[in-house]
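Dear colleague,

My notes on what was found in it follow directly below.

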Amino acid sequence: MLITYKIELKPTNQQAWLIDQQISGSRWAYNLFLDINRQRYECGYHYMNAYEFSKWFNHDYLAANPDDQWIKELYAKSVKQAFIDADTAMKRFFKKLSGYPHWRSFKRGQGSYYFVKNSQQQIIACERHRIKLPKLGWVRLKEYGYIPTDAEHFVIKQGRVKFKAGRYYLTCVIEQADPIQLTLVNDPIGIDLGLKNLAILSNGLVYGNQNKSSRLKKIRKQLRRLQRKLSRQYCALKARKQKEGRSATDLNLAKTQLKVQRLYQRLTNIQIDYQNKLIAIVVRTKPLWVALEDLNVSGMMKNRHLAKAIAQQGFYNFRVRLIAKCQQLGIPVHLTERFEPTSKLCHNCGTKKVSLKLSERTYHCPNCHYTNDRDLNAALNIRDTKNFVLAY
Ligand SMILES: [Zn+2]
């Protein structure tokens, strides 16, 4: 089984400089691939795939452009992977799976330094606190013991180093033995996602909306202020450029930009952590199955009064992560059909209460006088419904 680990690196200044070099090199290679193929298309030549391109690049292009010889200094596998990535992006475009690929930009923190286990014998060495990467040597990790170091049972196959919001991250794919199948014995769990609370579980657990916490409100306020500052700096720069050209204040703008990026990253980190904790609670009970609503998030986003609140909840990411975790552990995930009236049905007798209003927080059944919390009733219905599809 292949599992991806993500961890922050603590490179020395020298190493950071080298990583930057590798990343910008592969970014350049990616953009070159797109550029050349577009030019070829305009002149009526056939499309070059990554393999052909790499051959042409090494023989013809570098001979004709001696100024670009510096790319030879970089780790060759990483450069080649950039061609493959660009090739994949173009092929997705040809199949109409996605739009025309954008250039990789420094500003968006794109591009990565790729490394791979080349042969059977080679081992990418990793210890509790450090990992050995090509061209860099031993690089320190920020979290000790997270990446398994037993090289016999945990084989590091490949990985990437990325730079995001002022930090270096390593992701690596590790081949390891399948985890022992859990014996699932306990009650299944239905999850009702919402805005007031992030999730209500059918066992009665209420998991609040963290966006309402003062901690997140404070960060969002900070962010709004910084973005105002950034936009002011942009305007000022634009006005000045027309007069005299570049000035030292460009650097101040970059500083603000980094601060904004770091705050965004912090918000994401808090959200991921919060959701992971909920997933851990769900999974740890070893339920027979987990049931989720198949929410139509993009449809809900059309309501402009709620769009922001919905976007901040991150339902889609939560679902992706929950499904991935359950798949890893072998827990089935039921996705309730989209138009199943889960909140209107009575969980006790199955009557559909058409007149249910949004403002009614407790569900009271006119038929059998069953009374329960509205969301809990919905969670129970999601758990027990027969109209579902399996998520994987
Ligand atoms: Zn009833």
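Cysteine 368 is partly exposed, since its relative accessibility is 27%, and cysteine 349, at 36%, also counts as partly exposed; here buried means under 20% relative accessible area, exposed means over 50%, and partly exposed lies in between, with a 1.4 Å probe and protein chains only. Please bear in mind that this is a predicted model, in which local features need pLDDT of at least 70 and side-chain atom pairs count only at pLDDT 80 or more, while totals for chains, interfaces and linings use all residues. Residues are numbered from 1 along each chain as its sequence is written, and side-chain values use heavy atoms, with hydrogens and water left out.

Both cysteines belong to a metal site, where the zinc ion is coordinated by the SG atoms of Cys346, Cys349, Cys365 and Cys368 at 2.3 to 2.4 Å. Donors are N, O and S atoms within 2.8 Å of the metal (3.2 Å for Na, K and Ca), and because water is not among the atoms, sites may look incomplete. The angles among the four donor atoms of the zinc ion are 106 to 114°, and the site is tetrahedral, a label given to four donors if all angles lie between 85 and 135 degrees. Along the chain, the donors of the zinc ion follow the spacing C-x2-C-x15-C-x2-C. Cysteine 349 sits in the loop between β11 (333-336) and β12 (362-364), and cysteine 368 in the loop between β12 and β13 (371-373), so that this pair, 19 residues apart, links distant parts of the chain. Strands (E, at least two residues) and helices (H or I, at least four) are DSSP runs, numbered from the N terminus.

Lysine 353 is also placed in the loop between β11 and β12, and it is buried, with a relative accessible area of 12%. Its side chain reaches the backbone oxygen of histidine 364 at 2.9 Å. Leaving aside neighbours within four places in sequence, lysine 353 is in contact (heavy atoms within 4.5 Å) with Lys344, Glu360, Tyr363, His364 and Pro366.

In the UniProt record, an unreviewed entry, the annotation "domain: Cas12f1-like TNB" covers residues 315-382; such annotations may be inferred rather than shown by experiment. That span is 35% helix and 15% strand, and its end C-alpha atoms lie 16 Å apart.

How many residues of strand β7 are buried? Five of the five residues of β7 (residues 189-193) are buried, so this strand is largely enclosed by the rest of the structure. Ile189, Ile191 and Leu193 point one way from β7, whereas Gly190 and Asp192 point the other way. β7 runs parallel to strand β10 (residues 290-293), joined to it by three bridges, and glycine 190 has alanine 291 as its bridge partner in β10. With strand β8 (residues 197-201), β7 pairs in the antiparallel sense over three bridges, where two strands pair if DSSP finds at least two bridges between them. Isoleucine 191 stands opposite leucine 201 in β8, and β7 and β8 form a hairpin with three residues between them.

Finally, glutamate 175 lies in strand β6 (residues 167-175) and is partly exposed, at 35% relative accessibility.

With best wishes

Terms used. Tetrahedral: all angles 85-135°; square planar, octahedral: opposite > 155°, others 65-115°. Polar contact = N/O pair within 3.5 Å; in protein donor to acceptor, adjacent residues only side chain to side chain.
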